[in-house]
Amino acid sequence: MATIDLTTADFEQTVTKDGITLVDFWADWCGPCKAFAPVYEQASEQHPDVTFGKVDTEDQQAIAAAANIRSIPTLMAFRDGILVFAQPGALPAPALEQVITAVKGLDMDDVRKQVAEAQAQQGDVETPEELR
């Protein structure tokens, strides 16, 4: 599966659906972003069961601001609508593969329990619906 460009029109719908969605926040002027792009594209071909999205932070500034993007590239992983990974920096292919494997291996019942506990302790935790 090729990567898809995400905009304010489809970002929320994409990251809140069931399954795994990876999002690469990037910009055309960013050298590390350009270096990471082929690695990300290749991973998208190797994992057709995962949605690979890209957000151009210059074009989609509202999404970047809502997601609190301070450095690019930044990779986020959502599973079943829950943000389970976020890290700035270009990843080499083996590290990206480790992230994908780890996200696939998550016990989502345990993750949902941890999210509920964190929300109970801290009030309200930012959810993907708020990342618009």
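The questions below concern aromatic pairs, helix packing and individual residues.

Guide: This is a predicted model, in which local features need pLDDT of at least 70 and side-chain atom pairs count only at pLDDT 80 or more, while totals for chains, interfaces and linings use all residues. Residues are numbered from 1 along each chain as its sequence is written, and side-chain values use heavy atoms, with hydrogens and water left out.

Visitor: How are the rings of F11 and F25 arranged: stacked, edge-to-face or tilted?
Guide: Rings of Phe, Tyr and Trp (its six-membered ring) pair if their centres lie within 6.5 Å; planes under 30 degrees apart count as stacked, over 60 as edge-to-face and the rest as tilted. By this rule there are four aromatic pairs. The centres of F11 and F25 are 6.4 Å apart and the planes stand at 55°, so this pair is tilted.

Visitor: Which elements hold F11 and F25?
Guide: Helices (H or I, at least four residues) and strands (E, at least two) are DSSP runs, numbered from the N terminus. The two residues are 14 residues apart, and their pair links distant parts of the chain. F11 lies in helix α1 (residues 11-15) and F25 in strand β2 (residues 20-26).

Visitor: How are α2 and α4 oriented to each other: parallel, antiparallel, perpendicular or oblique?
Guide: Helix α4 (residues 93-104) packs against α2 at an angle of about 45°, with the axes 10 Å apart. Axes are lines fitted to C-alpha atoms, for helices over the stretch in contact, and angles run from 0 to 180 degrees between N-to-C directions. Angles under 35 degrees count as roughly parallel, over 145 as roughly antiparallel, 65 to 115 as roughly perpendicular and the rest as oblique. The two helices, α2 and α4, are therefore oblique.

Visitor: Which residues of α4 make the contact with α2?
Guide: Contact means heavy atoms within 4.5 Å. On α2 the contact is made by F36, V39, Y40, A43 and Q46. On α4 the residues are A93, L96, E97 and I100.

Visitor: Is K54 buried or exposed?
Guide: K54 is placed in strand β3. Not counting residues up to four places away in sequence, K54 touches T3, I4, D5, L6, D24, W26, A37 and Y40. Its relative accessible area is 10%, so K54 is buried.

Visitor: What is the relative accessible area of D49?
Guide: D49 is in the loop between α2 and β3 (50-56). The C-alpha atoms of D49 and T21 are separated by 9.4 Å, the residues being 28 apart along the chain. D49 is exposed, with a relative accessible area of 52%.

Visitor: What is the phi of N68?
Guide: N68 is in the loop between α3 and β4. With 47% relative accessibility, N68 counts as partly exposed. Although N68 is not a glycine, its phi is positive, at about 60°.

Key: Buried < 20%, exposed > 50% of the residue type's maximum accessible area, 1.4 Å probe, protein only.
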